[in-house]
Amino acid sequence: MKTNWKALVLVGLLSSASTLAGFKLLSSNGDRDVIFKESPSESLARFTSTGSPAGAPGDFVYAAEATTPTVVHIKSTMTRTSRGGQGDIPDIFRDFFGEDFGGGGSSRGPQSSEATGSGVIISQDGYIVTNNHVVEGAQELEVTLSNKSKLRAKVVGTDPSTDIAVIKVESKNLPAVTFGNSDAVKVGEWVVAVGNPFNLESTVTAGIVSAKGRGLGIIGQSQNRRYGNAKPTAATTGDSPLESFIQTDAVVNPGNSGGALVNLKGELIGINTAIASPTGSFAGYAFAVPSSIVKKVSGDLIKFGNVQRGYLGISLDELDSRKAEEYGVKVNDGVYVRDFTENSAAKAGGITKGDVIVKVDGLNTHSIPELQQSIGLHKPGDKVVVTVNRNGTEKDLNVTLRNRTGGSDILKRDESAAVMSVLGAQFGNLSDQEKQRLTRYKVDGGVKVLSIDGGKLARTGVEEGFIITKVNGKPVKSVKELETSLEGKAESMVQFEGLYADAPYDVYSFGFRL
């Protein structure tokens, strides 16, 4: 019987909900330039036939001692609404968060819940990288350092398309991890995972890299799998999912989300994000976002508030011998160019339909995830050399990447759109008939939730059909009024009030930080 591992990968459920001397932030014209101190470009540490002395690079003890002080425990507190008892909560949700998740019993209305995960300190002044699903929808964040100090944290920025987020605590002289080169990691190499599984703080496990460039099709679906929704969250992020996971057999369990995957020199090569499991606990395979992506995303979130990704603007297909024969191309390894988007950077750079992309900047490209990673690490306006196989002959083409709108400019954060996208829903105005029905219950209008795409409303338990009647105590009667009420509220606490049309006598109130 063939196991469908893709269906078993539980991204969101990993959250039960050399030193890097600088992440140097230079204030210039309002922008902050992010400079990572990285490890030397020498080959990664490995065991030798003569062994490694205890406490030296290449030893598990060294990697654990170097990394553990930089890994933190994250507790997120959120408020969710409930239209019934715990029976409405998916079984798999209770498996991870416990029987008391959502308050238990048969009460209705807002209920407080907690989820835990891990994070990695990337700068001495308090910046911490973790998974988006660890902090999404959190009303409060509490970080516990390795020395047991507890600090409040705020969200700096999130990128659902890579499941990476940056949070910050107000502290100085913190131990910070060193970024390693995830591109140099080899299959079969020893790695160490550090995190807080099952609330067991500072837990270290070891394994090997079992695969690289793994695309699972799970980012953008994780929140929906948790909440039973069918629509992907990518539509609300503006960016297509970017997956190129490092696969390892180091033991990773719920609570490890956002924790460190390091090489034997204690250098960060990935952020643990997902497991493939039929039970929800470790069953042999875990997946980490490569440090090259983590560094790019976290740097952009700190400097710009959003991620600046370069795009080729092409429709792709992955090749094998059968598809190579179908498309009539001379090679069966690479990425086939099927078509172009409007204002395509690839088309402007000389790439044509039917080309097979085999390299980017001299690095072999065997799969779509590898191509996405190579391109996604660049920003709009960057130039890359794309090597294509055209009719059996390789050709180097210089391509200037564009942003997702087809331009070459850095995209500034649209605060209004960003705030609305954080809610993770589509909204609509009430019909005259709906308004008339609600007036009998002294409700003077509202905004209807047409669909839930993941995000903070889903995290609070809001379902399709919910009608938002007030924001921060003020009535909202249209989508435009809802947008206006949320202007300037990024990173602020917002209180919502509303009801369901089939039970207008039950009013729900809940809040969270946008």
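## Basis of the description

The model is predicted, with local features requiring pLDDT of at least 70 and side-chain atom pairs counted only at pLDDT 80 or more, while totals for chains, interfaces and linings use all residues. Residues are numbered from 1 along each chain as its sequence is written, and side-chain values use heavy atoms, without hydrogens and water.

## Nonpolar cores

The largest nonpolar core comprises 33 residues, and V120, V129, I164, F245, L268, I271 and V294 have the most contacts inside it. Such a core is a set of buried Ala, Val, Leu, Ile, Met, Phe, Trp, Tyr and Cys residues joined through side-chain atoms within 4.5 Å; buried means under 20% relative accessible area, exposed over 50% and partly exposed in between, for a 1.4 Å probe and protein chains only. At least two residues of this core come from each of several elements, including strand 5 (127-131), strand 8 (164-169), strand 14 (267-276) and helix 7 (291-303). Helix 7 supplies the largest share, five residues. Helices (H or I, at least four residues) and strands (E, at least two) are DSSP runs numbered from the N terminus.

Beyond its neighbours within four places in sequence, F245 is in contact (heavy atoms within 4.5 Å) with residues including L216, I218, I219, T273, F287 and V289. Another core, of 24 residues, lies apart from the largest one, and L423, V479, F510 and F512 are among its members.

## Strands 18, 20 and 21

Strand 20 (residues 383-390) runs antiparallel to strand 18 (residues 356-360), to which four bridges join it; K359 has T387 as its bridge partner in strand 20. Strand 20 also pairs with strand 21 (residues 393-400), in the antiparallel sense, over eight bridges. Pairing requires at least two DSSP bridges between two strands.

V386 stands opposite L397 in strand 21. The hairpin of strands 20 and 21 has two residues between the strands, and N391 there takes a positive phi near 55°.

The lining of the second largest pocket consists of 17 residues, with D183, L363, E370, Q373 and S374 nearest its centre. Helix 10 gives the most to this lining, three residues.

S292 lies in helix 7 and is buried, with a relative accessible area of 12%. Leaving aside neighbours within four places in sequence, S292 contacts S182, D183, Q373 and L377. S292 and Q373 are 81 residues apart in sequence and 8.7 Å apart in space, C-alpha to C-alpha.

How values were computed
On a 1 Å grid over the protein atoms alone, a cavity is a set of points where a 1.4 Å probe fits but cannot get out, and a pocket is an open set with protein on both sides within 12 Å along at least five of seven lines; lining residues have an atom within 4 Å of a point.
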